[in-house]
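Dear colleague,

Please find below the structure that I am handing over to you. My notes on it follow directly after.

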Amino acid sequence: MTTDGWVGTMQVNHFGHALLTKLLLPAMKGGSHKPRVVSTGSANCYGPFPDSVGNLVPVTTDPNTILSWSKNSSALNPVIGYYSLSKFLISQWTTELAHRHPDLVAFSVNPGVSGLGRPCPPMIKVRPCPLTFAEAASGVVFSAMVRGSVVDQVSGALIDYKTEIKQEPQWDFVQSGPSCVPRSLPAWLGPEKATDWTDADRSAWYDAVEALF
C-alpha cells in the first residue's frame with residue numbers, strides 16, 4: 001500500500017500515469033505534430049481476475065467497486081490480480097483519452113513477456129521469450145518515437161507489433177524497426193479474450209479517475 005492508501009500496483013501502473021498525463025496535456029498541445037501518449041499495456045489485461053484465494057472475479061463496470069478494490073490490498077490476488085486489473089484499466093482509460101482528445105495520438109502497447117526469472121511456459125509461442133527488460137521497453141519507446149501514419153492510425157487501441165520478416169504466425173512477435181506494423185491486440189488474442197467495456201463504461205471510469213485529482 002502507498003502512504004496515501006492505494007494498492008501500489010494500481011498507483012504505479014494506472015493512477016500515476018493518468019495524473020502525469022493530465023499535468024502534461026496543456027504543454028503537449030499546439031506543436032507541429034500531434035502529441036503522442038503511449039501507455040504500457042499487457043496481453044494479460046483481460047478478466048476475470050483472480051482474488052486473494054484463487055477465485056475468479058468478473059470484470060465490473062462500476063467505478064466505485066474498482067476504487068474500493070484499489071484501496072483494499074486483499075480484494076484481489078496481490079500479484080497477478082492487481083497487475084491484470086491495472087493493465088485493463090490503463091488500456092480502457094487510454095482509449096477514452098484518445099476519444100476525448102482527438103488532437104492527440106494515444107494508445108497502449110503490449111511490451112511482451114519479461115521479468116519471469118524462468119523460461120516461458122510451453123503455451124506461450126512468441127519469441128523471444130522471456131524478453132529482457134530492455135527488450136520489452138524497446139517496443140514502448142519505438143511506439144513513442146517512430147513517426148508515420150501507420151502508428152498514428154491506431155490511436156485508442158491496445159496493440160503490439162508483428163514483423164513482416166518472419167512468416168510463421170506463432171513466432172511473429174515484438175521487435176522494433178521498419179519491418180514492424182501495429183496490430184490490435186484483442187483481434188490477435190481471439191474473441192474469448194477480448195473482454196471490453198462500452199463507450200459509456202470507459203467514460204464513467206475516466207471521469208472517476210479525473211475526480212481523484
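Which residues have the most contacts inside the largest nonpolar core? They are Leu89 and Trp205, in a core of 32 residues. A nonpolar core here is a set of buried Ala, Val, Leu, Ile, Met, Phe, Trp, Tyr and Cys residues joined through side-chain atoms within 4.5 Å. Buried means under 20% relative accessible area, exposed over 50%, and partly exposed in between (1.4 Å probe, protein chains only).

Please note that this is a predicted model, in which local features need pLDDT of at least 70, side-chain atom pairs count only at pLDDT 80 or more, and totals for chains, interfaces and linings use all residues. Residues are numbered from 1 along each chain as its sequence is written, and side-chain values use heavy atoms, with hydrogens and water left out.

Overall composition

The protein chain contains 7 helices and 6 strands; helices (H or I, at least four residues) and strands (E, at least two) are DSSP runs, numbered from the N terminus. Of its 213 residues, 43% count as buried.

Helix 3 gives the most, with 8 residues. Leu89 touches Met10, His14, Ile66, Trp197 and Trp205, not counting residues up to four places away in sequence; a contact means heavy atoms within 4.5 Å. A second, separate core has 8 residues, including Phe107 and Val140.

Thr61

Thr61 lies in the loop between strand 3 (56-57) and helix 2. With a relative accessible area of 40%, Thr61 is partly exposed. Beyond four places in sequence, Thr61 touches Trp197 and Asp201. The C-alpha atoms of Thr61 and Thr198 are separated by 9.1 Å, although these residues are 137 residues apart along the chain.

Leu23

Is Leu23 buried or exposed? Leu23, found in helix 1, is exposed, because its relative accessible area is 60%.

Confidence

The mean pLDDT (the predictor's confidence in each residue, from 0 to 100) of the protein chain is 79, and 79% of its residues reach 70 or more. Over residues 165-177 pLDDT stays under 50, and the model has 35 contacts beyond four places in sequence for them. Over residues 187-194 pLDDT also stays under 50, with 10 such contacts. Where pLDDT is low, the predicted coordinates should not be read in detail.

With kind regards
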